[in-house]
Amino acid sequence: MSLLSHTNPGFIVILAGMLAYVIRGEIPRAVVTIGGPLLGLAALVLHSALSEPLATLNMMDMTFVLYQVERVSIVFGLAFLIAATVNSIFALHNKDPLQDSMALIYAGAAIAATFAGDLITVFVFWELTAVSSVFLILKSGTPEAYKASMRYLGIQILSGVLLLMGATFIMGEYGTLEFDAFISEGEGLSLQDDPGAIFLFVALGIKAAFPLLHNWLQDSYSKATHTGAVVLSAFTTKLAVYALWRFFPGEDSLIWIGAIMTVFPVFFAVIENDLRKVLAYSLNNQVGFMVCAIGIGTPLALNGAAAHAFAHIIYKGLLFMSMGAVMYRVGTTKATELGGLYRTMPFTAIFCIIGAASISAFPLFSGFVAKSLTMSAVGYEHMTIIWMMLLFASAGVLEHSGIKIPFFAFFAHDSGKRPKEAPFNMLLAMGIASFFCIWIGFPFLGGTEFLYGLLPYRDEAMVYLEQSLWTTDHVLTQMQLLVFAALAFIVLNRVKLYPPEKRGVVLDFDWVYRRPLYHALVWTGAVWSKAGPAMTGAALRLSRRVYNRIEATFSPQGELSRGPLSAGMAIWTSIVLAIVMVLALIVGPH
């Protein structure tokens, strides 16, 4: 027990991932893939101390904190471990050891980074999440998936390089990379005149998919395997949210960055045909709420970011699981090719509706008790414009994830497809996720108290639960927003003003630089194909002439060893050495 209580849960999950690749047989591999995260849960429950290093490594005159538990680490780590367990159940029908292995290593790396206590340890696992998760996209086996995976890998590696550069500057300033030396509870790094903080901020922004840095997410998640997209939805961006929570609480720029993140995906998601891509845009939207809350930086807002991340990991995974089940049975998640699936996939439809209600923050579901903290924190700070942006974004969530996903997949025009219900293991995983969505959100079941009791500022969370969460005004205001948003969808759909589902590709911001860059590379290649050989030949001829001249002058048979300079190279060597010695005496220390 002592060893388990001092072991980072992420290490256990990574080890399980390694074993999953070499173990053959469906039952033994299932025991490893599910048992690994469960054993990690046990290690977290048994941890012996808060805010103290539980496992360290001394090397190269540095201390690496491999395991340190903070209150916010518990929130994210627990959600990651639950997601890893549920995802393993969802993927039991797979007979692909590589996917099982990479999914667990990816999850374990995110968990290990969450419980790390220094920047180098975080960097190692930060990069491991990138390298392992790319296989979940590659395994789709399509040319499009290959291109998306290479883009994803390059951008994620770039994020790690920037994090390492930031760590280098921080090391130079503080003399250590341990968190306790440069951050404290509720206070983080400052972007003012601190290059290390700036590099770190950009690294986290890439991984969190900040506006204009977000396109890798929609490109890759929608092209992953039907189980891979579920795994990807849980860890990458939420690991970045955790790091922002630790390093930049109260950073004002995050308020506007987060608010913009909540708004812009709404427009893309409404017109997008691929429902997994709709969920990817929705993921941007939801992370924006968390980023905005971190920027506000009050105890209530920071609680909101942590609670929202916990709930989001589960209900977003549930929605991706429902679309993964559709993908598995039908072979597509394009809205134009779906509809009427509730007839033969009723349980998947019900679970999808539960996820949709949760992400839309319907009262009695997990999204309501999580998002309310952030909305209230914005209101208490009298940030009217930000509050209105988040309110619009909340209505937009209902439009594209709360209604569009289940409606067009299961209830819209009848596609004529009659696939089988999802396999039992998929239904079981969706059922477990649905349980958490309802348990956390429904009063009197104890789930809300459990979540609020985990939050970093527990006392403030409990006061909010007792005095503000279930007030009549609060519940009615949220219900009015949801009802009017639903009514707007119904009316616009009836009068044919709601954007119809069309086959095609929605162009995002990356088109602005990808097309010019592509044409620039093509032009450069064309120019080089004509000028390159001539330039290369000229350079070779010039270098050959220079070499021949040097050889003719300085070789033992060269000009310096003949004629009046018969003393040869030895004399010239002595002269050069004498000059070097004189210069050394002049410029050397006195």
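Which residue in β2 is the bridge partner of N58?

Author: The model is a predicted one, in which local features need pLDDT of at least 70 and side-chain atom pairs count only at pLDDT 80 or more, while totals for chains, interfaces and linings use all residues. Residues are numbered from 1 along each chain as its sequence is written, and side-chain values use heavy atoms, with hydrogens and water left out.

The bridge partner of N58 in β2 is T63. Strand β1 covers residues 53–59 and strand β2 residues 62–68, and the two run antiparallel, paired over 6 bridges. Two strands count as paired if DSSP finds at least two bridges between them. Strands (E, at least two residues) and helices (H or I, at least four) are DSSP runs, numbered from the N terminus. The hairpin has 2 residues between its strands, and M60 takes a positive phi there, near 55 degrees.

Two or more lining residues come from each of α4 (71–90), α5 (97–114) and α11 (228–247), and α5 gives the most, with 5. The lining divides into 10 nonpolar, 7 polar and 1 charged residues. A cavity is a set of points on a 1 Å grid over the protein atoms alone where a 1.4 Å probe fits but cannot get out, and lining residues have an atom within 4 Å of a point. Grid points are joined across faces, edges and corners, and a volume is the space filled by probe spheres set on the points. Nonpolar means Ala, Val, Leu, Ile, Met, Phe, Trp, Tyr, Cys or Pro, charged means Asp, Glu, Lys or Arg, and the others, including Gly, are polar.

The second largest cavity has about 80 Å³ of space. Its lining takes at least two residues from each of α4, α11 and α14 (299–330), and contains 9 nonpolar, 3 polar and no charged residues. Among the lining residues are N87, S233 and G317.

Then the salt bridges, of which the whole structure has 7. Here a side-chain nitrogen of Lys or Arg lies within 4 Å of a carboxyl oxygen of Asp or Glu. K95 pairs with E26, with the closest N and O atoms 3.6 Å apart. K95 is in the loop between α4 and α5 and E26 in helix α3, so this bridge ties together parts 69 residues apart in sequence. D100 and R29 meet at 3.0 Å, N to O; D100 belongs to helix α5 and R29 to helix α3, so parts 71 residues apart are tied together. Both D100 and R29 are buried, meaning under 20% relative accessible area, with exposed over 50% and partly exposed in between (1.4 Å probe, protein chains only). K95, by contrast, is exposed at 60%.

R29 also touches I23, a contact being heavy atoms within 4.5 Å. I23 sits in the loop between α2 (9–22) and α3 (26–45), and is partly exposed, at 23% relative accessible area.

Definitions and conventions. 1 Å grid on protein atoms, 1.4 Å probe; cavity = no way out; pocket = protein on both sides within 12 Å on 5 of 7 lines; lining within 4 Å. Lists of a residue's contacts leave out its neighbours within four places in sequence.
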